[in-house]
Amino acid sequence: MSGAARMGLKLTCLHCGQTNRVPEERLSAGPKCGTCEASLMAAKPVEISLDILRKAQATDEVPLIVDFWAAWCGPCRMMAPEFAKAAEMLKGRVRFAKLDTEAYPAAGARYGIRGIPLLIAFRKGREIGRRAGVTPAGEIAAWVAAEART
């Protein structure tokens, strides 16, 4: 076993921003943040700030799927329950977050967002895929599995 594997995978707490290390075999066991005790591998999407997203996308070694949305967007509201179902389907393997583009308008320029809803997959400091439009949960899960190779 390599030293990195023994130390665990890096995960940013999506609530407080603290970096945690979790052994890969414990990802599906409900690990919690060492600082705030929030779930690190929640079965539902977590609302995040742009600062938390920046840190998580740069640090995390587990795939992070972010739904860029806004409350005024009808398709975004249609997508929300499907995104939540996909999060439940992939619990323990992938993390799901939501970022309100109305609350964080700088996200549009930073991530090249031309329309919402938009899903972007991140892993180990880089974007690994994106998908626009309303998508059923099964298609989201299949897309994530293909992009993240989970």
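Start with Phe122, which is buried at a relative accessible area of 2% (buried is under 20%, exposed over 50%, partly exposed in between, with a 1.4 Å probe and protein chains only). The model is predicted: local features need pLDDT of at least 70, side-chain atom pairs count only at pLDDT 80 or more, and totals for chains, interfaces and linings use all residues. Residues are numbered from 1 along each chain as its sequence is written, and side-chain values use heavy atoms, without hydrogens and water.

Phe122 belongs to an aromatic cluster with Phe68 and Tyr111. Tyr111 is also buried, at 6% relative accessibility.

Across the whole structure, a search finds three aromatic pairs (rings of Phe, Tyr and Trp, the last by its six-membered ring, with centres within 6.5 Å; planes under 30 degrees apart are stacked, over 60 edge-to-face, the rest tilted). In one of them, Phe83 and Phe96 have ring centres 5.0 Å apart and planes at 70°, so they meet edge-to-face. Phe83 sits in helix H3 (residues 74-89) and Phe96 in strand E5 (residues 95-100), so the contact ties together parts 13 residues apart in sequence. Helices (H or I, at least four residues) and strands (E, at least two) are DSSP runs, numbered from the N terminus. Phe83 is buried at 0%, and Phe96 is buried at 2%.

Now turn to the charged side chains. The search finds six salt bridges (a side-chain nitrogen of Lys or Arg within 4 Å of a carboxyl oxygen of Asp or Glu). One of them joins Asp67 to Lys98, with the closest N and O atoms 2.8 Å apart. This pair links distant parts of the chain: Asp67 is in strand E4 (residues 64-69) and Lys98 in strand E5, 31 residues apart. Asp67 is buried at 0%; Lys98 is buried at 12%.

Another bridge pairs Asp51 with Arg54, at 3.7 Å between the closest N and O atoms. The two are three residues apart in helix H2 (residues 50-59), so about one helical turn separates them. Asp51 is exposed at 56%, while Arg54 is partly exposed at 33%.

Arg131 and Glu139 form a further bridge, with their closest N and O atoms 3.0 Å apart. Arg131 is partly exposed at 24%, and Glu139 is partly exposed at 41%.
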